[in-house]
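Morning, everyone. Please have the structure open on your screens. I will go through a few spots in turn.

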Amino acid sequence: MSLIGTKVADFKVQAYVDGQFEEVTQDRLKGKWAVLFFYPADFTFVCPTELEDLADHYEEFKNLGCEIYSVSTDTHFTHKAWADTSDTIAKIKYPMLADPTGRLTRQLGVMIEEEGLALRGTFVINPEGIIKAYEIHDNGIGRDASELLRKLQAAQFVAQHGDQVCPAKWKPGAETLSPSLDLIGKL
């Protein structure tokens, strides 16, 4: 069952955000674009490379009116300890959500039940809380924040220009398509 077009269900978690603990609910996602970025665990190998890549692109996401939320099944205390011991993780300014019960991880279908860990799931959510794009990777496959940024830009473009769609490798300023009978069989 696809999650495209579904609303993010109610949730309430603790987060580590720039040196502080905060509560985050689904209501915080509303009113702006959001990315939920699930990863298996703190103090691991591929995860810090992905989270650093997001941190390096964070201002670009913010400039597009998008908040990043990384999510693992670790506690918010573990997130703090990781930030305190890793220069890479200390750079992170976006909220690091803690889902130790796995409720949010299960809601979005990325829980590895036998391990209690999340798969690498990425969800692009519009300001109404609706999932517009997502992908789920095996845990050995790292993601690229530049490609995620491009997907966000395409989702925002389509939301603003409902009569146009973005072809493969589209980037802002590139040509788009206007679906019509005239295009069928000509691309």
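Start at F37. The charged end of R143 sits over the ring of F37, at 3.6 Å from the ring's centre. Keep in mind that this is a predicted model.

Now the aromatic pairs. How many does a search of the whole structure find? Eight. I will show two of them.

F77 has 54% relative accessibility, so it counts as exposed, the cut-off being over 50%. There is also a cluster here: Y16, F21 and F77 form one aromatic cluster.

Next pair: F43 and W82. This pair is tilted. The distance is 5.8 Å centre to centre, with 40 degrees between the planes. F43 lies in the loop between strand 3 and helix 1, and W82 lies in helix 2. So this pair ties together parts that are 39 residues apart in sequence. F43 is partly exposed, with a relative accessible area of 46%. W82 is buried, with a relative accessible area of 4%.

Now look at D42. D42 lies in the loop between strand 3, residues 33–38, and helix 1, residues 46–63. What is the nearest side chain of opposite charge to D42? R120, and R120 is 9.9 Å away. D42 is buried, yet has no salt bridge. D42 does have a polar partner: a polar contact of 2.6 Å joins the side chains of D42 and H79. Which residues is D42 in contact with, leaving aside neighbours within four places in sequence? S72, D74, T78, H79 and W82.

Last stop: G162. G162 sits in the segment after helix 5, residues 145–160. G162 is exposed, with a relative accessible area of 69%. G162 and S178 are 16 residues apart along the chain, and their C-alpha atoms are separated by 9.2 Å.

That's my tour. Thanks.

Conventions:
Residues numbered from 1 in each chain as written. Predicted model: local features only at pLDDT ≥ 70, side-chain atom pairs only at ≥ 80, totals over all residues. Heavy atoms only, no water. Helix = DSSP H or I, 4+ residues; strand = E, 2+ residues; numbered from the N terminus. Buried < 20%, exposed > 50% of the residue type's maximum accessible area, 1.4 Å probe, protein only. Lys, Arg positive; Asp, Glu negative; His and termini not counted. Salt bridge = Lys/Arg side-chain N within 4 Å of Asp/Glu carboxyl O. Polar contact = N/O pair within 3.5 Å; in protein donor to acceptor, adjacent residues only side chain to side chain. Contact = heavy atoms within 4.5 Å. Phe/Tyr/Trp six-rings, centres within 6.5 Å; stacked < 30°, edge-to-face > 60°. Lys NZ or Arg CZ within 6 Å of the ring centre and 35° of its normal.
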